[in-house]
Amino acid sequence: MNISLKELTNKAKNFLPQPIFRSYHFLLALFGAIIFGFPSKRIRVIGVTGTSGKSSVVNLISLILKEGGRRVASLSSVEFAIHEEKWPNKLKMTMPGRFFIQRFLSRAVKEKCDYAVIEVSSQGIEQSRHKFINFEASVFTNLSPEHIEAHGGFENYKKAKGKLFSSTKNIHILNLDDKHSPYFLGFEAREKYGYRLKNCDPDIKKTNAQIQIKSQNIIEAESIRKSVDGISFFVKNKEFNMKLRGKFNVYNALAAISAGLSQNIDLETCKKALLKARIIPGRMEVVVSSPFRIVIDYAVTPDNLENIYKEINELFLPKNLICVFGACGGGRDKWKRPALGEIASRYCRKILLTNEDPYDEDPAQILSMIKSGIQNPKFHPQNLYEILDRKKAIEKAISLAKEGDVVIITGKGCEPWICLAGGKKIPWDDKKIALDAFRGKKYEKELI
């Protein structure tokens, strides 16, 4: 009988004591580093962690480094890149396995890359995937509840993220507006950078003073302007303009600017790089703009979902917001399912509940748990649709849309698979399905 290493690992979890299992992961990381000759010793590695924004920050840091004349490799949940070569991440893993990462870094070294910028996940950290990688710098984006059941609580989730900073001794880059930043500020580093919006929380300012971050290392955005065409803001009296939308992309840009400055790349170079930034597939991606809009986004946590709904309402002023979403199965974060439903009932005129990645759970039960959170008295029950077939749900949402509406499809982004029971995966593409359905409404000329 053929069985993959991943399947064998999953089976081993059920009967091996945790200390042995942790040792197993550690040894795999060590063997991977030995086999590929500890490649991170010959390249500067920047790790990006947090609950959301990681892929975008990896992309923006890479752009800044390239604009600064560096050769760059990058690894994110969206794609892999080594200098000019790019290919999509079809592994459905934010942070691939230890052998993959070490092989990737080895290839980057052979291609004479100066930097590798990689997403670092909490589950990857718990499985020692970050071990034997010499991180030049670590970036913290933000923190909100996710993978809580997998980690056994939010504090464990936070501590997992903290392990990246405890192992990075050179440079720490932190979102000072996040309420959990004081925890990450507590880890020692040769140099620290902080970024925030101008109206930073005064309590966090006090924490900054206590640890004495150099004033020139605190990067603030002010005079922020948002529009349907993008965002603009000032940093140290220099105006930045980007094609990306949403306040959260101001934070992502500040993280990248901080990383660039930490590597001796000046603000003017950062500005030129960020002007070239384009929408990452599946990240607030507007795929149709008229007569109504269709937006694809990866949002999977309550905070993500609320933020994307807020931004859409502020930017596009929709007549009606029509949302399509579900929740991941496999026992993942069941607590958030009612919360997702509650948020949608506050922002959306019509809700279409559907499959996301049910894995081995009953899809109907997942939808029932989401539905239990829809208790807003202002939301009319007749505007709730439960359609397990995700393709049919997307098609239905688009059939309901009228001029001036926005259809927002969340939970998958650009992921190429839907994961079912027994390890089965089916090819998937939210964007293609949405565009096919839109064409069915005879609006081909309005595609952007």
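Here are a few questions and answers about aromatic rings in this predicted model.

Q: How many aromatic pairs does the count come to?
A: Rings pair up here if their centres lie within 6.5 Å. By this rule, the count comes to 14 aromatic pairs.

Q: Is the pair of F165 and F184 stacked or edge-to-face?
A: The two ring centres sit 5.4 Å apart, with 65° between the planes. Planes over 60 degrees apart count as edge-to-face. So with its 65°, the F165 and F184 pair is edge-to-face.

Q: Which helices does the pair of F165 and F184 link?
A: This pair links distant parts of the chain, with the two residues 19 residues apart. F165 is in helix 7 (residues 154-166) and F184 is in helix 8 (residues 181-185). Both F165 and F184 are buried, by the way. The helices asked for are helix 7 and helix 8.

Q: Y183 and F187 form an aromatic pair, so which of them counts as buried?
A: Their rings go edge-to-face, 5.4 Å centre to centre and 90° between the planes. Buried means under 20% relative accessible area. Y183 has 27% relative accessibility, so Y183 counts as partly exposed. At 17%, the buried one is F187.

Q: The charged end of which residue sits over the ring of Y183?
A: Y183 belongs to one aromatic cluster along with F140, F165, F184 and F187. A charged end sits over the Y183 ring, 4.8 Å from its centre. That charged end belongs to K158.

Q: How far from the centre of the W417 ring is the charged end of K425?
A: For a charge to sit over a ring, it has to be within 6 Å of the ring centre. K425 has its charged end over the ring of W417, and the distance from the centre is 4.6 Å.

Notes: Residues are numbered from 1 along each chain as its sequence is written. This is a predicted model: local features need pLDDT of at least 70, side-chain atom pairs count only at pLDDT 80 or more; totals for chains, interfaces and linings use all residues. Side-chain values use heavy atoms; hydrogens and water are left out. Rings of Phe, Tyr and Trp (its six-membered ring) pair if their centres lie within 6.5 Å; planes under 30 degrees apart count as stacked, over 60 as edge-to-face and the rest as tilted. Helices (H or I, at least four residues) and strands (E, at least two) are DSSP runs, numbered from the N terminus. Buried means under 20% relative accessible area, exposed over 50%, partly exposed in between (1.4 Å probe, protein chains only). A charge sits over a ring if NZ of Lys or CZ of Arg is within 6 Å of the ring centre and within 35 degrees of the ring normal.
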